[in-house]
Amino acid sequence: MMKKCARVLAVTGLIVAGTSLSVNAAGDDMQTQIDGIMGALPKFAVPMREVGDRFQNMYFAAEGGNWALASYMSKYMDKAMNPAKVTKPKEYPDWRSFYDGDFAAVNKAIAAEDLGTFKKEYSAVIASCNDCHAGMGYGFIEVKKLAAPADQGIEYKLSSKAADVPK
Ligand code: HEC
């Protein structure tokens with residue numbers, strides 16, 4: 001959606017360059033609207049709540065043999081951060097390299113449906129979550145593993161295959 005808006009703005013900009021003041025004002029309105037949309041999009045704090053919950057849920061899904069749910073939680077833990085591509089373009093690549101790098105071992109264990117490796121990698125990656133928090137000035141947000149899933153309204157003990165998640 002933002003790409004489309006940017007394109008519309010670019011076109012508006014071209015029109016403004018060659019025409020009257022009133023069109024210029026329309027361009028300003030458009031910019032104000034875009035600034036408004038940007039301001040309303042979440043930065044890190046809102047999606048991180050979802051990251052936190054999905055991260056907790058993933059553990060219980062794996063433990064319950066619901067590998068599709070574990071895989072699904074991981075997939076949308078990552079997608080939850082998408083607004084930050086637009087709102088925090090300087091910081092988003094740090095998330096990308098975390099998920100594609102440190103977190104890859106967790107995803108690999110989910111794909112292999114290997115609970116022993118999953119538990120080991122899951123515990124290890126918590127330090128990487130917290131390293132990023134400390135590195136960005138949020139050392140006071142320390143992730144800890146919960147004794148129960150963040151969301152209670154899902155059946156975690158349901159046998160499924162990691163590959164069952166629709167594309
Ligand atoms: C790229 C850096 C980065 C990584 C990696 C990262 N976080 Fe965060 N996280 C942040 C930042 C920054 C905040 C503070 C949000 C803000 O103020 O913008 C945060 C906040 C949080 C919060 C508090 C949200 C709230 O407001 O209640 C939770 C929970 C959280 N992160 C969980 C995690 C978990 C779990 C992981 C690992 C799976 C993780 N984070 C990995 C940067 C990161």
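Visitor: Which helices supply at least two residues each of the shell around the ligand?

Guide: α3 (45-63), α6 (92-102) and α8 (115-135). Helices here are DSSP runs of H or I, at least four residues long, numbered from the N terminus. The largest share, five residues, comes from α3. The model is predicted: local features need pLDDT of at least 70, side-chain atom pairs 80 or more, while totals for chains, interfaces and linings use all residues. Residues are numbered from 1 along each chain as its sequence is written, and side-chain values use heavy atoms, without hydrogens or water.

Visitor: What makes the arrangement around the iron atom of the ligand octahedral?

Guide: Six donors count as octahedral if opposite donors are over 155 degrees apart and all others between 65 and 115. Here the six donor atoms subtend angles of 86 to 178°, so the arrangement is octahedral.

Visitor: Which protein atoms are donors of the iron atom?

Guide: Met48 (SD) and His133 (NE2), 2.0 to 2.4 Å from the iron atom. Donors are N, O and S atoms within 2.8 Å of the metal (3.2 Å for Na, K and Ca); water is not among the atoms, so sites may look incomplete. Met48 in helix α3 and His133 in helix α8 are 85 residues apart, linking distant parts of the chain.

Notes: Tetrahedral: all angles 85-135°; square planar, octahedral: opposite > 155°, others 65-115°.
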